[in-house]
Amino acid sequence: MITRRLHPILLSLVLLVTSLGQPALAQHTLTGELPKPAGSGPAIVLVAGATGRTGRLVLEQLRRDPRFAIRPMARDVDAARKNVGADYAWVAGDVTKPGTLGPALAGVSLVLVTIGATERSGPNSPEFVDYGGVKNLTDAARAAGVRQLVLESSMGVGSGGGVLGMLLNLLSGDALKWKAKGEAHLRASGVPYTIVRPGGLTDDPGGQAGIALQQGDEGSGRIPRADVAAVMIAALDNPDALRKTFEVISDKSAKRDAWRTGFSALRPDSPASP
Ligand SMILES: NC(=O)c1ccc[n+]([C@@H]2O[C@H](COP(=O)([O-])OP(=O)(O)OC[C@H]3O[C@@H](n4cnc5c(N)ncnc54)[C@H](OP(=O)(O)O)[C@@H]3O)[C@@H](O)[C@H]2O)c1
């Protein structure tokens, strides 16, 4: 029974562990408009993790949404311009360096976070990115008066994953443990938030299947990064998604867009929510 429940979590976490340090996607051309200043048009969304595999898909989808102007953040802006797109208004920022985040957040209304540790140990490991980085971003978002932070976390963070989860925490530099601490800091911060916990991430095209929004962290499954990006964007400025933590996986039995009206059925977090 335990094995049946943990196996899909193991799959997700193996994907998570093996994703550490993987190269970014190939360069592609982008032609979007640059963000407008705060107060004069669409809400500015800071995308932290914009050079990553979910983050790039967030940029591609966000640029088609007239409600928002994009401010992608990167540790290396020159590399981001070259590898992701020169026409985005990149801002420099490293979540392990709090002093870089205040300037990055100036004029920002919304924050969408798809960061993940790139090392199993060392200064860019889960302790300093999935916990420290989320904490630094949360604190900077509070100081900047941001109206919502949407965080990509992971299935298994709420349940801990039992014995196999402990083993996988060992292999990943305690990714689940540090993500749980990052989530907890965000929940307690007073910053309005949404926490999205995907199952195992794939690079399959999005929009091919339905998406299940679940709570309790007892489910299992996989989901394309493109669908996670769509859920995170749909949560932006959506009152039905505020102060909620939920898991997302593909669901072939569900209608493709049915999830879009599913936020209101989710329970808001309680102070003790894991
Ligand atoms: N793999 C899975 O199956 C799975 C399952 C569930 C959840 N997740 C989680 O989902 C999230 C997204 O995963 P992904 O595979 O799409 O991401 P990814 O491709 O690994 O990208 C990670 C992003 O984080 C950025 N980053 C790392 N350290 C940073 C720092 N110190 N400051 C600022 N940015 C930093 C990277 O920027 P650089 O370009 O500068 O390195 C990159 O943009 C991660 O948190 C991951 O753990 C993964």
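Mentor: Leu149 counts as buried because 24 C-beta neighbours lie inside 10 Å. The cut-offs are these: buried means 20 or more other C-beta atoms within 10 Å of the residue's own, exposed means 12 or fewer, partly exposed is in between, and C-beta atoms are placed from the backbone. This is a predicted model: local features need pLDDT of at least 70, side-chain atom pairs count only at pLDDT 80 or more, and totals for chains, interfaces and linings use all residues. Residues are numbered from 1 along each chain as its sequence is written.

Leu149 sits in strand S5. Helices (H or I, at least four residues) and strands (E, at least two) are DSSP runs, numbered from the N terminus. Leaving aside neighbours within four places in sequence, Leu149 is in contact with Val111, Val113, Thr138, Ala141, Leu186, Val191 and Tyr193. Contact here means C-beta atoms, placed from the backbone, within 7 Å. Take Val111. Between Val111 and Leu149 there are 38 residues in sequence but 4.6 Å in space, C-alpha to C-alpha.

Now the strand as a whole. Five of the five residues of S5 are buried, so S5 is largely enclosed by the rest of the structure. In a regular strand, side chains alternate between the two faces of the sheet. In S5, Leu149 and Leu151 point one way, Gln148, Val150 and Glu152 point the other, and all are buried.

Next, the strand's partner. S4 and S5 run parallel and are joined over four bridges. Strands pair if DSSP finds at least two bridges between them. Val113 has Leu151 of S5 as its bridge partner.

Step back to the sheet. Eight strands form an open, mixed sheet, in the order S3-S2-S1-S4-S5-S6-S10-S8. Thr194 is bridged to Lys244 of S10, and Ile195 to Thr245 of S10. The pairing of S8 with S10 is antiparallel, also over five bridges. There, Gln214 stands opposite Glu247 of S10. S10 is mostly covered, with seven of its eight residues buried.

Helix H5 (residues 127–144) lies across strand S1 (43–48), strand S4 (110–113) and strand S5 (148–152), at about 175° to S4. Helix H7 (residues 175–188) packs on the sheet too, touching S5, S6 and S10, and its direction makes about 160° with that of S6. Such angles run from 0 to 180 degrees between N-to-C directions; axes are lines fitted to C-alpha atoms, for helices over the stretch in contact.

The buried residues of H2 are covered by elements including S1, strand S2 (68–74), S4, S5 and H8. H2 is mostly covered, with eight of its 10 residues buried. These are Arg53, Thr54, Gly55, Arg56, Leu57, Val58, Leu59 and Leu62.

Look at H2 against H8. Helix H2 (residues 53–62) and helix H8 (residues 225–235) pack at about 55°, with axes 8 Å apart. That makes H2 oblique to H8. Under 35 degrees counts as roughly parallel, over 145 as roughly antiparallel, 65 to 115 as roughly perpendicular, and the rest as oblique. H2 supplies Arg53, Thr54, Leu57, Val58, Gln61 and Leu62 to the contact, and H8 supplies Arg225, Ala226, Val228, Ala229, Ala230, Met232 and Ile233. The contact residues divide into nine nonpolar, two polar and two charged. Ala, Val, Leu, Ile, Met, Phe, Trp, Tyr, Cys and Pro count as nonpolar, Asp, Glu, Lys and Arg as charged, and the others, Gly among them, as polar.

Two loop residues deserve a check. Asp174, in the loop between helix H6 (162–172) and H7, has a positive phi of about 60° although it is not a glycine. Asp174 counts as buried because it has 22 C-beta neighbours inside 10 Å. Asp237 lies in the loop between H8 and S10. Its phi is positive as well, near 60°, and Asp237 is not a glycine. With 17 C-beta neighbours inside 10 Å, Asp237 counts as partly exposed.

Last, the whole chain. It has eight helices and 10 strands. Of its 274 residues, 49% are buried. Among contacts with a separation of 6 or more, 77% are between residues 24 or more positions apart.

Conventions:
Contact = placed C-beta atoms within 7 Å.
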